[in-house]
Amino acid sequence: MIKLHDKYFKPFISAQEIETAIERLAKEIHNDIGEEIPVFVGVLNGSFMVVSDFVKKYPKPCEVTFIKLASYEGVKSTEDIQRLIGLTQDLKGRTVVILEDIIDTGNTLAEIHRIFKNEQVKALKIATLFYKPAAYKKDFKLHYVGIEIPNKFIVGYGLDYDGLGRNLPEVYQIKETQHMTNLVLFGPPGAGKGTQANFLKEKYNLVHISTGDVFRFNIKNETALGMLAKSYMDKGELVPDQVTIDMLNAEVEKNADANGFIFDGFPRTNAQAEALDILMDAKDSEISAMVALEVEDDVLVNRLLERGKTSGRADDSNESVIRNRITEYYKKTAILKDYYSTQNKYFGVDGVGSIEDITERLSKVIDTL
Ligand code: AMP
């Protein structure tokens, strides 16, 4: 993901895909034109990249020139008239191929047709690398199209957002949802994730989703999901991935406008982590960090037994179930540390001390994200 000015953009079309499309355009155009020497006309500023790469792939001699769209103040102060400038060459009798980086509404194209009307060219062909069919409002023929794209704002490969992004070798699409902070709060059972999540969600205005809490809510309400989960939870085992992932997706969807999420107790397996990435990507977002509370086993067992006296949780009152949950954590879940470490998103925090001290330590990490 990249940030230009105030907006975030996600990768959309790779440099390789662009190259392949340009190669195909060059081949198609050459097939139609044959031995004749065409004049390729790039429309500045956006087309400088595509023209440069295109003519390098064009197999036969050709001429290259550029025109530019210039804005003039209209007669009324609100009116903005676009005019093409820079056409100085005599193109009479020539085959002209306009090379555009992108055609969306087709307004530029209308202007091109207007100025070429009197040029007496032999043929005027239109080629564009990107084309937004949903935005196109004209009926000029587009002779050569590289890649059709949805009606979303894109930058890169010559295209800019308020002056920035033209130099990017690949194309990015605007992220329509606001920037989110999504935390995976990590740590063995009893590390204090729930307690800390309650403070952090207020402080950072995030939605807290604890998969354990959602399961317990379902058990209490005797839903089908609850009944299924109970058999695993009572033994301290993990609920199967697909059940948990579907439930998590539904919880996230219930909070479509969230500023971000604190995931507590999820993901617990690689499959869950991958599913979470896919879910975040679909929301034009990503996991910002995994913050992990690090606490020794014996401290955990004591804390959980203590909690079991008042929490009413069956899995908190039996030491062997507690030890099994901790073992499950290290066996299946702790590998997720690597998953996020390789993306430089893992932050370990000492989970022993007063609640306030630990909140402070976690906040220090979150504030740097
Ligand atoms: P927790 O409240 O996070 O300690 O979770 C209590 C129990 O709920 C766990 O021991 C599992 O049986 C089940 N559970 C919670 N989250 C998950 C998850 N992400 N994947 C599988 N099982 C889970």
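Q: How are H9 and H10 set relative to each other, parallel or oblique?
A: This is a predicted model, so keep that in mind throughout. In it, H9 and H10 pack at an angle of about 135°. H9 and H10 are therefore oblique to each other.

Q: How far apart are the axes of H9 and H10?
A: The axes are 10 Å apart. H9 covers residues 297-311, and H10 covers 319-333.

Q: Is that crossing left-handed or right-handed?
A: The crossing of H9 and H10 is right-handed.

Q: Which residues make the contact?
A: H9 brings Asp297, Asp298, Leu300, Val301, Leu304, Leu305 and Arg307. H10 answers with Glu319, Ile322, Arg323, Arg325, Ile326 and Tyr330.

Q: And by class, what does the contact of H9 with H10 have?
A: There are 7 nonpolar and 6 charged residues, with no polar ones.

Q: Next pair. At what angle do H4 and H12 pack?
A: About 50°, with the axes of H4 and H12 10 Å apart. That makes H4 oblique to H12. The crossing of H4 and H12 is right-handed.

Q: Which residues of H4 and H12 meet?
A: From H4 come Thr195, Gln196, Phe199, Leu200, Lys203 and Tyr204. From H12 come Ile355, Ile358, Thr359, Leu362, Ser363, Ile366 and Asp367. The contact of H4 with H12 has 7 nonpolar, 4 polar and 2 charged residues.

Q: What about H5 and H7, at what angle do their axes cross?
A: Roughly 95°, and the axes come within 11 Å. That makes H5 roughly perpendicular to H7.

Q: Which residues are involved in H5 and H7?
A: Thr211, Val214 and Phe215 in H5 meet Thr244, Met247, Leu248 and Glu251 in H7. By class, the contact of H5 with H7 has 4 nonpolar, 2 polar and 1 charged.

Q: Which of the 38 are closest to its centre?
A: Lys193, Arg216, Arg307, Arg313 and Arg325.

Q: Which elements give two or more residues to the lining of the second largest pocket?
A: Strands S3, S4 and S6, and helix H3. S6 gives the most, with 4 residues.

Q: How does the lining of the second largest pocket split by class?
A: It has 9 nonpolar, 8 polar and 8 charged residues.

Q: What lines the largest cavity?
A: Leu185, Phe186, Gly187, Lys193, Gly265, Phe266, Pro267, Arg268, Tyr329 and Thr333. Strand S11 and helix H10 each supply at least two of the lining residues. By class, the lining has 5 nonpolar, 3 polar and 2 charged residues.

Q: Backbone, then. Is the peptide bond from phenylalanine 266 to proline 267 cis or trans?
A: Cis, with omega near -5°. Proline 267 lies in the loop between S13 and H8. Phe266 and Pro267 are also in the lining of the largest cavity.

Q: And the bond from leucine 44 to asparagine 45, cis or trans?
A: Cis too, with omega near 5°. Asparagine 45 sits in the loop between S3 and H2. Most peptide bonds are trans.

Q: What is phi of tyrosine 157 near?
A: Near 50°, a positive value in a residue other than glycine. Most residues other than glycine have a negative phi.

Q: Where is tyrosine 157?
A: In the loop between S9 and S10.

Notes. Residues are numbered from 1 along each chain as its sequence is written. This is a predicted model: local features need pLDDT of at least 70, side-chain atom pairs count only at pLDDT 80 or more; totals for chains, interfaces and linings use all residues. Side-chain values use heavy atoms; hydrogens and water are left out. On a 1 Å grid over the protein atoms alone, a cavity is a set of points where a 1.4 Å probe fits but cannot get out, and a pocket is an open set with protein on both sides within 12 Å along at least five of seven lines; lining residues have an atom within 4 Å of a point. Ala, Val, Leu, Ile, Met, Phe, Trp, Tyr, Cys and Pro count as nonpolar, Asp, Glu, Lys and Arg as charged, and the others, Gly among them, as polar. Axes are lines fitted to C-alpha atoms, for helices over the stretch in contact, and angles run from 0 to 180 degrees between N-to-C directions. Angles under 35 degrees count as roughly parallel, over 145 as roughly antiparallel, 65 to 115 as roughly perpendicular and the rest as oblique. A crossing is left-handed if the near helix is turned anticlockwise from the far one by less than a right angle, and right-handed if clockwise. Contact means heavy atoms within 4.5 Å.
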